[in-house]
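Here's a quick briefing to read with the model open beside you. Have a look at the fold first, then work through the points below.

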Amino acid sequence: MKELNRVFSQYEVNEEYAKGSLRGIIGLLPLGTWLNEMFFNAVARLHQKRINEFVEEFAKDLENVNSQILNQDYLSSEEFYDFVYSIIKKVAVTRNQDKKDKFRKLLIQQIENPIVSDHIEVFIELLSRIEEAEIVILEEVRIRSSTLNGLHSKVFRLETERKKIKNIMQKESDLSSKGYANNLPSVMKSLEEKDKELTEVNDQIFYADKEFNQIRLQYGNERVIFYLATLASKGLLIKKPVPKGNSIIGFENIYVITNYGKNFLEFIREENNNVTL
């Protein structure tokens, strides 16, 4: 706890010299007193208030932590100090209580089951900027990504097989019309079975997309489109062309989650098991 207190108090100490110099410069300007109050005193009080409230809640959470199982080497490491410092900086400028709760849970999580990742600093920054709706949509895309990708690939395969059967059926039909021996009934049955398979797969695609429609109804289609594009700009999603039938232009773009996106979701989960991202 002493080490943690030192890290928490470091946030205010490290910036005091720079703030003092800037206060002096602003004090020479017209309305300098008002500006100093606004930019330093009021802002500093607000930031400190947020940090204090965060630390109070964090202290309550610590009461439920089993100190016997903690990795003391990690808790004394620069890596952990950097993690705490990054969290505190974000808490100071965060109004949203849900995000502050997530930061607190992340800190407890990192104390109990440290995550080893080169992306931790980036993930903390990302969490401070991402909206809750984006997290919901990202998780939904993660669930749907592998399913839809596999289903579209299956449609492509079935359409290709169906085209081959149609070509065979045409030849068998020609033989039948000329009175030659043929396998037309068997080929027609194969085509019927292939059509049935295609219908079943297309139904699965429809219902998978229908489930995502619940997200569209919840947030509105335009907002979902915006969030998908925003998640893609952050590298959490990527547009991937997938086959749609077997025509020359039979492709469509769907959003699938990236490994980076999967790692981010793993990072913000309330429970982890010493994972390496």
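What follows is a short tour by topic, from the overall fold down to single residues.

This is a predicted model, in which local features need pLDDT of at least 70, side-chain atom pairs count only at pLDDT 80 or more, and totals for chains, interfaces and linings use all residues. Residues are numbered from 1 along each chain as its sequence is written, and side-chain values use heavy atoms, with hydrogens and water left out.

**Overall fold**

- The protein chain has eleven helices and two strands; these are DSSP runs numbered from the N terminus, with helices being H or I of at least four residues and strands E of at least two.
- Along the sequence, the order reads α-α-α-α-α-α-α-α-α-α-β-β-α.
- Of the 277 residues in the protein chain, 37% are buried (buried is under 20% relative accessible area, exposed is over 50%, partly exposed is in between, with a 1.4 Å probe and protein chains only).
- Take the contacts (heavy atoms within 4.5 Å) with a separation of 6 or more: residues 24 or more positions apart account for 72% of them.

**Cores**

- The largest nonpolar core holds 47 residues, and Ile-137, Phe-264 and Phe-267 touch the most other members (such a core is a set of buried Ala, Val, Leu, Ile, Met, Phe, Trp, Tyr and Cys residues joined through side-chain atoms within 4.5 Å).
- Helix α5 (residues 78-92) gives this core its largest share, eight residues.
- There's also a second, separate core of ten residues, with Val-155, Leu-158, Ala-208 and Val-256 among them.

- The 15 residues of α5 should span 21 Å at 1.5 Å a residue, and the end C-alpha atoms are 21 Å apart, which agrees; the expected span is 1.5 Å times one less than the number of residues.
- The buried residues of α5 include Phe-80, Phe-83, Ile-87 and Val-91, and also Ser-86 and Lys-90.
- The axes of α5 and helix α6 (residues 97-112) come within 10 Å and cross at roughly 170° (axes are lines fitted to C-alpha atoms, for helices over the stretch in contact, with angles from 0 to 180 degrees between N-to-C directions).
- That makes the two helices, α5 and α6, roughly antiparallel (over 145 degrees; under 35 is roughly parallel, 65 to 115 roughly perpendicular and the rest oblique).
- On the α5 side, Phe-80, Phe-83, Val-84, Ile-87, Lys-90 and Val-91 meet Lys-100, Phe-103, Leu-106, Leu-107, Gln-110 and Ile-111 of α6.

**Aromatics**

- The whole structure has seven aromatic pairs (rings of Phe, Tyr and Trp, the last by its six-membered ring, with centres within 6.5 Å; planes under 30 degrees apart are stacked, over 60 edge-to-face and the rest tilted).
- Tyr-219 and Tyr-227 pair edge-to-face, 6.5 Å centre to centre with 85° between the planes.
- Tyr-219 is buried at 15% relative accessible area, and Tyr-227 is buried at 3%.
- Phe-226 and Tyr-227 make a tilted pair, because their ring centres are 5.8 Å apart and their planes sit at 55°; Phe-226 is exposed, at 51% relative accessibility.
- Phe-123, Tyr-260, Phe-264 and Phe-267 form one aromatic cluster.

- Val-122 sits in helix α7 (residues 120-129) and is partly exposed at 42%; its C-alpha is 9.4 Å from that of Phe-264, 142 residues apart along the chain.
- Asp-195, in helix α9 (residues 184-219), is partly exposed at 28%; Asp-195 and Leu-158 are 37 residues apart in sequence and 8.5 Å apart, C-alpha to C-alpha.
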